[in-house]
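This report describes selected structural features of the protein shown here. It is intended to be read alongside the sequence and the coordinates.

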Amino acid sequence: MTPDMLIAAALILPLVIAAGIAAFGKFPNLREGVTILGSIALFAVVVQLTMLVSSGLRPELYVGEAIPGLAFAFKLEPLGALFAVVASGLWIVNSFYSIGYMRGNRERNQTRFYICFAIALCGAMGVAMAGNLFTLFIFYEILTLSTYPLVAHKGDAAARRGARIYLLTLLGTSIGFLLTAIMWTWVVAGQRLDFVDGGLLANANLSPVVASALLLLFVFGVGKAALMPFHFWLPNAMVAPTPVSALLHAVAVVKAGVFTVMKISIYIFGDELLQATPSREFIMAVACFTIVAASLIAITKDNLKARLAYSTIAQLAYVVLGAMLADRAGILGGSLQIAAHAVAKITLFMCAGAIYVATGLTNISDMRGLGRKMPLVFIAFFIAALSIIGIPPLAGDWPKYELMQGAIDRGADWVPFVLIVSSLLNIVYLLPIPFLALMPPPGSKPPKEFKRPGGAPWLTVAAPLFTASLCFVLFFMVDPIADFLAPAFATVDIDPEVNIP
Amino acid sequence: MILELLLTSAPDWAIRHAAMLIVVVPLVMAPILALSPSGRLAWFLALLATAASTYFAILTLGIVQSTPGGIIEYWIGNWYLIGIEFRVDALNAMILLIVSGMAFLATVFAWPTILADVEKQKISLFLCAFLLCFAGLCGVAGTGDAFNLFVFLEISSLSTYVLVAMGARNDRRALPAAFDYLIMGTLAASFYIIGVGFLYAATGTLNMAEMAAQLPALAGNRSVQVGFAFIVVGLGLKAAMWPLHQWLPNAYSYSPSFVTMFLAATATKVALYALIRWLFTIFSPDYPFEQAIFTWVLAPLGIAAMVICSFQAVFQTDVRRMLAYSSVAQVGYMILGISVATAAGVSAGLLHLFNHSLIKGALFMALAGVCLTYKGTTVRDFAGLGRTAPLTMSAFAIAGLSLIGVPLTAGFMSKLQLGYALFDHGWWWAVLFVVFSSFLAVFYVGRLLQAIFFEAPASPGRHRKEAPLIVLVPLWVLALANIYFGIDASFPVGLANDGAAAALGLEAFQ
């Protein structure tokens, strides 16, 4: 297949899968077969695209113009390829997990669930491959709207409330700030919205005030990046079934957010303009505040998913921080964090879901000694927690290392300090969970019997174990990944005029 | 492509008289309808008349686009310079297309709702009034004569009062609503005609093109300025420009549902067209007093409508009232676009005018469709409808999302264009209001959609059914148009750009 057909396939496949799921809605086994086969096919397509990208190609697809100048255009570059691989690859694992979870939990409306999931993946692919801000915005909103029914899945008052907050925050920030910023960019960049190596606005002669305002609108407009004070939708989205929290609210949706921030900082602003923009330092400070504050809130949460949600907020701010550092180490650190945090956090959520299916427990304080009954789940949890903390040889080690180096290079000496505090806080809020479960203090009462006879379905245990092992694999793959990403931050030496499409 | 085919296949007389026939066909058909013994026959004839008008409107558009200069000048009865001129350029052609197209779709869907809303022996007369109203609106959009515009405005207004009052069979409050509208509409028409009188006194002509040619020499003349003010207020009243919109919520809420749908999609649009014609073609933004009006009157009023009426929409419990307030807010967007007074701004206003008739047409049509079986129109009455009437309600949802301005819908495109125009003009602060108002739309539409799709029916005993097929077909035509023009907006944007260029007297831009 030609590169443009591959991109079209990556965008259309999820929709075909959604149609297939709808067609086989009455036959659950066939329906899940469609999801699994489809996700594998999507991953294969994305891997092919990624191989093209690593050989130096930039696969492009031009669909047409909505109105003169506003094109539906796609162009895959290394950063987007990384995000697409992570999202589509983990979708396969998560699909297996979903089957175990949704059946084990006897959830209703499963067909609608799988359909929305597939459409959400279409949104994520579109965000990853968008060639300009307009296309990115459209798929960003598809992602928002398609995940709304997933958050509201249970249909009770709490789910509806959570979903309403979810929708209003994400739509409000994206329409209010992001769209405004896009329209403003269109005007100051001379009626263009393309992602350009070296930065679309690099030669636009923006005054520092305008550049500052634009950057603030962009960064806070991407509500999916969950930067404080627009973070509260994420804990509210935890009313969703756990597979949704695992893939969408630890990987696809939130990573689409931070990926968008990255992409804007690299391809719209470019490193030179970004460094000359005063509000950059303010956003760095907000990111650091988010890291510390969200970690502190996480400690206070006894509900496991809520604690993980606040942990996600803190970890996402790493990527924003990396993007705002605007140098090689910062961007590399942020990109590695997208992948490393994805595999670790999806593991943690899957473990939380497995525990819930087996026992119905959601509070950490009730899980003491539970590790005796479900050792594999808590071992996977333990590994992923270590990765989040950043202990070698686990994937989470590299982003922290790169971010610290980038910050020191930039003279922001306080950033490494924040990162170290964050690691310590990670230890405080994550490690007690597996410790208390596997080695309960003497005298604590043994956990109750399983709610579901036979404990967690095997699919819900195998999936987190697999992703936990990915934490090891990623640690050793950092070199090829860094080489692959190199073109994204090697723009300093490239004449910005050369790569204009 | 289709336009060319139509042009080549059309007979000679049709090409020559197309612009006039849009108005003449319904005007002649109306009295015939009044004599029709059966309602069904009357409906069928009305369908024929609106279809013919639509055909001629498309033809007119084709002729305008293919003539060099882009203007059709049609002197009624060949009374050159003495009589009444029909003058159609890209701007009128667009409006005529919207009005006649929406009238045709409205007539298709009308039959079941008329049966439900109107007494059997009055159906013929009701449709006669509708055709008169339609002919009047087309006349306003087509004419090139300032006084003739008043005549057509009154034809459409008088028949509209009748149409609104027909809602009294369902709800007696339709009578005061029609009376209010009558008073306000008469005021508007009087203001307009007083303004025309002042200008006639100063220029000695009623022909718009002639007046436009004479006015630059008279820009400092007091009676010209006074006339201008009267005309803007008069047409602003008809266009439901905030705060002159008080007649609209009641008129929309209590009319027969077919009338609501037709008026929402066309009536304020035509008045707005007339306003654009006066502001840009006859007068010109170069006059100092007009520039001041744009910045200090129209723009603030547009913004006030967007924000205040969106707030009012959020707090309505009746769905028709909610949509009515939303209409006033949407008129605010168009006024804001116009007040930028650049080609891009007027084009954005016109694009929203086009898209909004698709949106509100679809919304009111879906509403009318589900109200056939049971009349309640509060938000609670809509709870759980997503299960019992999925086809009707998904079309409603599409149009609702378009009203918010969600990407991939037509509404998104018009907000995008409006935002660009505002930024381009340096009015970045106005963008904040557009955005804020869109956010309010998320609330009022979202509340409705949530009730429809996620809540259980309030009173399970009373069932609503899916709308009949004859409602579903035009409804889905509009809903799909909302999506299509959100993905490929080149057709409406082209129309709007040409229209704006024609209004401002520029060569087609972009």
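## Contact between the chains

The model is predicted. The contact between the two chains draws 23 residues from chain A and 22 residues from chain B. On the chain B side, the elements that supply two or more residues are helix H17 (410–425), helix H18 (428–454) and helix H20 (490–504). Of these, H18(B) gives the most, with seven residues.

In composition, the side of chain B that touches chain A comprises 16 nonpolar, four polar and two charged residues.

## A strand pair in chain B

Strand S1 (residues 72–75) of chain B pairs with S2(B) in the antiparallel sense, over four bridges. Within this pair, Glu73(B) stands opposite Arg87(B), a residue of S2(B).

Strand S2 (residues 85–88) of chain B is covered on both faces. Glu85(B) and Arg87(B) lie on one side, Phe86(B) and Val88(B) lie on the other, and all of them are buried.

## A helix pair in chain A

Helix H4 (residues 110–129) and helix H9 (residues 242–275) of chain A pack with their axes 10 Å apart and at an angle of about 25°. Because angles under 35 degrees count as roughly parallel, H4(A) and H9(A) are described as roughly parallel to each other. Their crossing is left-handed.

H4(A) contributes Ala120(A), Leu121(A), Ala124(A) and Val127(A) to the contact, while H9(A) contributes Leu248(A), Ala252(A), Ala256(A), Phe259(A) and Thr260(A). By class, the contact of H4(A) with H9(A) contains eight nonpolar residues, one polar residue and no charged residues.

## Two buried helix residues

Phe378(A) belongs to helix H13 (residues 375–389) of chain A. It counts as buried because 25 C-beta neighbours lie inside 10 Å. When its neighbours within four places in sequence are left aside, Phe378(A) is in contact with Gly371(A), Pro434(A), Ala437(A) and Leu438(A). Phe378(A) and Ala456(A) are 78 residues apart along the chain, and their C-alpha atoms are separated by 12 Å.

In chain B, Ala188(B) is part of helix H7 (residues 174–203). With 22 other C-beta atoms within 10 Å, Ala188(B) is likewise buried. Leaving aside neighbours within four places in sequence, Ala188(B) is in contact with Gly234(B), Leu237(B) and Lys238(B). Between Ala188(B) and Leu237(B), which are 49 residues apart in sequence, the C-alpha to C-alpha separation is 5.8 Å.

## Backbone features in loops

Chain A includes a cis peptide bond from Met228(A) to Pro229(A), with omega near 5°. Pro229(A) is found in the loop between helix H7 (208–221) and helix H8 (233–236) of chain A. The peptide bond from Pro392(A) to Pro393(A) is also cis, with omega near 5°. Pro393(A) lies in the loop between H13 and helix H14 (397–410) of chain A.

Positive phi values occur at Asn205(A), where phi is near 55°, and at Ala240(B), where phi is about 60°; neither residue is a glycine. Asn205(A) lies in the loop between helix H6 (157–188) and H7 of chain A, and with 10 C-beta neighbours inside 10 Å it counts as exposed. Ala240(B) lies in the loop between helix H9 (222–238) and helix H10 (247–254) of chain B. In contrast to Asn205(A), which is exposed, Ala240(B) is buried, with 29 other C-beta atoms within 10 Å.

Conventions:
Residues numbered from 1 in each chain as written. Chains lettered and ligands numbered in written order. Predicted model: local features only at pLDDT ≥ 70, side-chain atom pairs only at ≥ 80, totals over all residues. Contact = placed C-beta atoms within 7 Å. Nonpolar A, V, L, I, M, F, W, Y, C, P; charged D, E, K, R; others polar. Buried ≥ 20, exposed ≤ 12 C-beta atoms within 10 Å, placed from the backbone. Pairing = 2+ DSSP bridges. Axes fitted to C-alpha atoms, helices over the stretch in contact; angles between N-to-C directions. Parallel < 35°, antiparallel > 145°, perpendicular 65-115°, else oblique. Left-handed = near helix turned anticlockwise from the far one by under 90°.
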